[in-house]
Amino acid sequence: MTVYSLEPHALATAADPLELDTRAPRGTYALVFAVPETTIEVGALGDCEFDAGGYVYVGSAFGTGGLRRVLRHRRVASGDHDARHWHVDYLGGDSDVELTRVVCVPDQNVECAVSSTLGASALDGFGSSDCTCDAHLAAFENTETATSLAVATFESKV
Ligand SMILES: [Zn+2]
């Protein structure tokens, strides 16, 4: 099973191996964000303090549209879409936060397995309203570390 680690801007272009411009594969994904030291209001979680670092959010997309949901996350992160539905919308939609990488694996539902192995909760309750995980968000020193650990954790679970 292939774990894809992709530049966000490559998605839905000719360089996208998932071909999200025309296809809607299902699967599990991780978003890597560069976050400065900041406070962000995260929906019902209220004002949340973030240390500077690389953050990994893990989600899955097995409904209509599948991994094309990642394109929506990218639009929110770029400011082109102001929806605030999921916790990750508040983080990614903050103007100081940058989406730096998308990691995903088609067909496999490893959302909670990856989340629970990746690292300690960065913010209890974030992204885990529908499961028993502490959170689906983990924090690392920088985005390079966050990306390499996300890829390694996916590879260990598929
Ligand atoms: Zn979970």
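Which strands does helix α3 lie across? Select residues 111-118: α3 lies across β2, β5 and β7, running at about 160 degrees to β5. Axes here are lines fitted to C-alpha atoms, for helices over the stretch in contact, and angles run from 0 to 180 degrees between N-to-C directions. Helices (H or I, at least four residues) and strands (E, at least two) are DSSP runs, numbered from the N terminus.

Some ground rules before you click on. This is a predicted model, in which local features need pLDDT of at least 70 and side-chain atom pairs count only at pLDDT 80 or more, while totals for chains, interfaces and linings use all residues. Residues are numbered from 1 along each chain as its sequence is written.

Next, colour the sheet. Five strands form an open sheet in the order β1-β6-β2-β5-β7, with antiparallel pairing (two strands pair if DSSP finds at least two bridges between them). At the edges are β1 (4-6) and β7 (137-140), each with a single partner strand, so one side of each has no neighbour in the sheet. On average, neighbouring strands are turned by 20 degrees against each other, direction ignored.

Zoom in on β1: three bridges join it to β6 (residues 98-106), and Ser5 stands opposite Val103 in β6. Contact means that the C-beta atoms of two residues, placed from the backbone, lie within 7 Å.

Now show side chains for the largest nonpolar core, 45 residues in total. Such a core is a set of buried Ala, Val, Leu, Ile, Met, Phe, Trp, Tyr and Cys residues joined through C-beta atoms within 7 Å, where buried means 20 or more other C-beta atoms within 10 Å of a residue's own. Tyr29, Ala30, Leu31, Tyr55, Val56 and Ala150 touch the most other members. The biggest contributor is β2, with six residues. Click Leu31: beyond its neighbours within four places in sequence, its contacts are Tyr57, His73, Val88, Gly92, Leu99 and Val102.

Last stop: α4, residues 143-157. Its buried residues include Ala146, Leu149, Ala150 and Phe154, and the buried set packs against β1, β2, β5, β6, α3 and β7.

Technical notes
The expected span of a helix is 1.5 Å times one less than its number of residues. A residue is buried if 20 or more other C-beta atoms lie within 10 Å of its own, exposed if 12 or fewer, and partly exposed in between; C-beta atoms are placed from the backbone.
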